[in-house]
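Please look over the sequence and the model first, and then read the points below beside them.

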Amino acid sequence: MYNSTRSVNVKATAKNAIRKGLADDGGLFVLPNLGEGENLESAAAEGATDTQCCDVLIKLEPQDYLGKSYNEVVKTVFSKLLDDFSSEEINDCIKNAYTGTFENDEVAPVKKVGNMFVLELFHGPTSAFKDVALTMLPQLMSKSLAVSGKKALILTATSGDTGKAAMNGFADVENTAICVYYPHGGVSAVQHMQMATQKGANVDVFAVEGNFDDAQRGVKELFMDEELNAYAAEKGVELSSANSINIGRLMPQIIYYFSSYAQLVKDGQIGDGDKIIFSVPTGNFGDVLAGYYAYLMGLPVEKFIVASNKNDVLDEFIKTGTYDANREFYKTNSPSMDILVSSNLERLLYYASGKNTEKVAGWMQELKENGKYTIDDATKGEISKLFLSGSASEEKTLSTIHEVYQETDYVLDTHSAISYAIAKEYADAGKTVVSLSTASPYKFPQAVMSALGEDITDEWEALEKLKVANSDPCPAALANLKNAEVLHDAVIEKQQMRDTVIAAIDKLAG
């Protein structure tokens with residue numbers, strides 16, 4: 001049974017948590033029987049309240065993921081996390097999500113690049129790591145809706161990649177519709193065209209004046225709008241999310257941490273039980289949180305590196321324990337990381353505080369009222385045991401792409417380069433480091449080509465140039481994107497988001 005990060009009294013089964021996305025009190029759904037044990041004992045000893053001791057701990061043993069196929073690991077993990085899904089339902093979800101969807105059965109291959117390993121997460125239909133989760137979430141959602149007899153309207157804010165992956169996953173899925181909101185002018189030309197050309201009778205996408213945080217805050221306000229939710233309920237519709245605030249979006253991302261570790265063991269790069277470092281380019285904290293969940297479930301991890309761009313609020317938080325979103329927002333060459341309010345950090349606070357929902361609720365209220373909060377020393381100490389952090393400037397991002405290409409002939413995208421740059425000192429010190437590569441370089445061709453020495457003003461011309469420079473072929477879906485028909489061109493103010501949701505509810509309800 002799941003509960004909210006802000007109250008143990010707000011509970012849901014897996015299917016209900018996936019359908020709802022956000023808990024009724026504004027918190028995020030978590031599993032209290034993750035992380036029981038020595039790694040959180042000190043926080044609990046500091047007087048944490050609401051700490052739950054569960055009879056059944058959710059753990060994996062090495063034999064559950066070593067030597068197993070990707071889909072076998074998915075089944076094992078999901079059987080432990082999805083408390084009200086049958087084995088048949090899980091099998092159906094895996095088959096529908098991952099059969100013929102990715103370039104190969106590995107889903108997330110690991111490659112040696114320089115003195116570290118790169119976990120490639122961009123081999124899905126939209127060339128970004130979100131595909132791993134957003135091919136699966138519609139399947140989980142469909143099973144959940146079948147029980148409720150309701151329809152679901154998915155509301156999603158995106159900094160570039162989630163939107164396309166979510167629309168692609170939910171397009172024409174029965175009993176669902178999706179509204180995507182992205183910052184106007186805040187995504188690459190390729191990302192914009194991926195969303196603007198998305199087909200599907202149940203799909204809408206809107207450019208919102210402002211930045212990603214404005215769009216994300218607007219979506220959260222819609223979820224908490226009692227009048228709007230009552231109107232939707234009258235029509236037989238529930239509002240839900242495809243962002244990583246939805247536990248069904250987060251769970252599939254846990255798998256590739258186990259699979260990458262298993263690949264390194266299989267290749268003889270590490271031994272069973274050896275601890276390794278994962279470096280993760282981070283904006284909304286969902287991807288690195290999935291790794292933390294894998295750690296809580298038993299994966300041998302030495303450290304997680306939280307890699308930020310110029311919007312370095314997470315870097316500062318990991319180092320100081322103070323989260324302060326009251327700072328200048330920068331549009332950078334790694335736009336999917338241009339975020340100041342990282343929603344999934346709330347889940348880490350829940351576990352690191354000894355599952356103290358009162359503390360978490362208080363910090364989130366401080367964030368809402370003041371734009372900042374400071375955690376206590378015990379919680380800060382727990383986080384510091386496992387998490388490192390760093391940030392990279394736009395210049396450092398480009399120079400890293402250039403240097404890696406010169407040394408290895410491998411092309412990183414602007415987000416993956418940040419992860420690689422910050423992790424390099426640990427790899428140079430002899431540590432085994434897996435750096436997550438979250439998007440194809442073809443999604444950001446202008447910035448990548450600039451790093452490789454050619455400043456090209458037209459992004460589509462840069463894409464053609466990158467095809468020559470990069471030994472990996474351009475995905476067909478991106479290669480043909482420039483001339484695709486634009487189906488969505490609406491630009492709205494934040495206060496208009498509610499009207500678009502009402503229109504989508506009416507359309508879905510019929």
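On a 1 Å grid over the protein atoms alone, a cavity is a set of points where a 1.4 Å probe fits but cannot get out, whereas a pocket is an open set with protein on both sides within 12 Å along at least five of seven lines, and lining residues have an atom within 4 Å of a point. Grid points are joined across faces, edges and corners, and a volume is the space filled by probe spheres set on the points. The largest cavity has, on this basis, a volume of about 280 Å³.

The model is predicted, so that local features need pLDDT of at least 70 and side-chain atom pairs count only at pLDDT 80 or more, while totals for chains, interfaces and linings use all residues. Residues are numbered from 1 along each chain as its sequence is written, and side-chain values use heavy atoms, with hydrogens and water left out.

**Cavities**

- A search of the whole structure finds 3 cavities of 30 Å³ or more.
- The lining of the largest cavity is made up of 25 residues, and those that lie nearest its centre are Phe 129, Lys 130, Gly 283, Asn 284 and Ser 336.
- Helices (H or I, at least four residues) and strands (E, at least two) are DSSP runs, numbered from the N terminus; helix 7 (161–170), helix 11 (247–266) and helix 12 (286–296) each supply at least two residues of the lining of the largest cavity.
- Ala, Val, Leu, Ile, Met, Phe, Trp, Tyr, Cys and Pro count as nonpolar, Asp, Glu, Lys and Arg as charged, and the others, Gly among them, as polar; by these classes the lining of the largest cavity has 8 nonpolar, 13 polar and 4 charged residues.
- The second largest cavity, with a volume of about 50 Å³, is lined by Ala 157, Gln 216, Val 219, Lys 220, Asn 243, Ile 245 and Ser 343.
- Helix 9 (residues 212–223) gives the most to the lining of the second largest cavity, with 3 residues, and this lining divides into 3 nonpolar, 3 polar and 1 charged.

**The largest pocket**

- The largest pocket has a volume of about 770 Å³, and of the 30 residues that line this pocket, Arg 6, Arg 217, Lys 220, Met 364 and Lys 368 lie nearest its centre.
- Two or more residues of the lining of the largest pocket come from each of helix 9, helix 14 (345–352) and helix 15 (357–370), and the largest share, 6 residues, comes from helix 9.
- By class, the lining of the largest pocket has 14 nonpolar, 7 polar and 9 charged residues.

- Two strands pair if DSSP finds at least two bridges between them; 5 strands form an open sheet in the order 9-6-7-8-16, with parallel pairing.
- Strand 9 (237–241) and strand 16 (491–492) stand at the edges with a single partner strand each, so one side of each is left without a neighbour in the sheet.
- Strand 6 is mostly covered, since 6 of its 7 residues are buried, where buried means under 20% relative accessible area, exposed over 50%, and partly exposed in between (1.4 Å probe, protein chains only).
- Strand 6 and strand 9 pair in the parallel sense over 5 bridges, and in strand 9 the bridge partner of Lys 151 is Val 237.
- Strand 6 also runs parallel to strand 7, to which 6 bridges join it, and in strand 7 the bridge partner of Ala 152 is Thr 176.
- Strand 7 (residues 176–183) and strand 8 (residues 203–208) pair in the parallel sense over 6 bridges, with Pro 183 standing opposite Val 208 in strand 8.

- An open sheet of 6 strands has the order 4-5-15-10-11-14, and its pairing is mixed.
- Strand 4 (110–113) and strand 14 (387–391) are the edge strands, each of which pairs on one side only.
- Strand 11 (residues 301–308) and strand 14 pair in the parallel sense over 5 bridges, and Ile 305 stands opposite Leu 388 in strand 14.

**The hairpin**

- Strand 1 (residues 2–4) and strand 2 (residues 7–12) run antiparallel and are joined by 3 bridges, while a hairpin joins strand 1 to strand 2 through 2 residues.
- In strand 2, the bridge partner of Tyr 2 is Ala 12.
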